[in-house]
Amino acid sequence: RRWGPAGGGGPGRREYGRRRDPVLKPWKATIRRRKNSIREALAKGLSNLLRRYVVARRPPDFTIGGAASPTMHRWWVLPRNDYFNVYLHMIVDDDRDRELHDHRGLNLSFVLDGRHGYVELLPTDPANPAGPTVRHARPRGSLTLRRATDPHRVVLYRDEDGDQEPALSLFVMLLPGQEWGFYCPQGWVPWQRYLARRDSAGGSC
């Protein structure tokens, strides 16, 4: 709250607005840094644990893109079910399909490893998910919560030689009941139809 003149004259009138206190800004920055460091430490610990007890002990339960040209290796951290699923994703290539896609349920991504994490492409205008996109950095320790219908696409960073830098993430999905698909200029397309068009005709939308 700030105090100002009443009716342009003497004191007595309150003017409401954002309180600007320069003393609070360093504290907010410190709290933010501590939160980030806690998430990064948690991500590092989970990464080491899951690499040791999941990745090193069994092959992926599913590979997106196929063994010859994979984009992601997936392990079931918990047995698959209709209520609550936890996947470990080792992302080794960009999402191959250019169109943004959604998911079968409310989902959360926690980036565990990768020199820089990865980049998530989101629609510039949520009302036009097939239009231009904006890039959002997802470094190690970042948490991203999405509704089932939130469209996105994941791409990797490149190193100095232009090679993709793999990333490891924990993917949690709640109540995976709805059908998922891709956002094309003419509208939303179920994944079966989209992939069938892509594989048969070389197109997708």
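Val 119 stands opposite Val 155 in β10. This pair lies in a predicted model, and the strands concerned are β7 and β10. Strand β7 spans residues 118-123 and is joined to β10 by 4 bridges. The two strands run antiparallel. A further position on this side is Leu 121, whose bridge partner in β10 is Arg 153.

Strand β7 also pairs with β8. Here 6 bridges are found, and the strands again run antiparallel. Tyr 118 has Arg 138 as its bridge partner in β8. Burial accompanies this pairing: β7 is mostly covered, with 5 of its 6 residues buried.

Together, 3 strands form an open sheet. Their order is β8-β7-β10, and the pairing is antiparallel. The edges are taken by β8 (133-138) and β10 (153-156). Each edge strand has a single partner, so one side of each is left without a neighbour in the sheet. On average, neighbouring strands of the sheet are turned by 30 degrees against each other, direction ignored.

Attention next turns to Arg 74. This residue is found in strand β4, which covers residues 72-76. Arg 74 is buried, yet it has no salt bridge. The nearest side chain of opposite charge belongs to Asp 61 and is 8.6 Å away. A salt bridge requires a side-chain nitrogen of Lys or Arg within 4 Å of a carboxyl oxygen of Asp or Glu.

Pro 60, Asp 61, Phe 62 and Ile 64 are among the residues it touches. Tyr 87, Leu 88 and His 89 are also touched by Arg 74. Residues up to four places away in sequence are not counted here.

At the level of the whole protein, the secondary structure comes to 2 helices and 13 strands. The protein has 205 residues, and buried residues make up 35% of them. Contacts between residues at least 6 apart in sequence were also examined. Of these, 60% join residues at least 24 apart.

Conventions
Residues are numbered from 1 along each chain as its sequence is written. This is a predicted model: local features need pLDDT of at least 70, side-chain atom pairs count only at pLDDT 80 or more; totals for chains, interfaces and linings use all residues. Side-chain values use heavy atoms; hydrogens and water are left out. Buried means under 20% relative accessible area, exposed over 50%, partly exposed in between (1.4 Å probe, protein chains only). Lys and Arg count as positive and Asp and Glu as negative; His and the chain ends are not counted. Contact means heavy atoms within 4.5 Å. Two strands pair if DSSP finds at least two bridges between them. Axes are lines fitted to C-alpha atoms, for helices over the stretch in contact, and angles run from 0 to 180 degrees between N-to-C directions.
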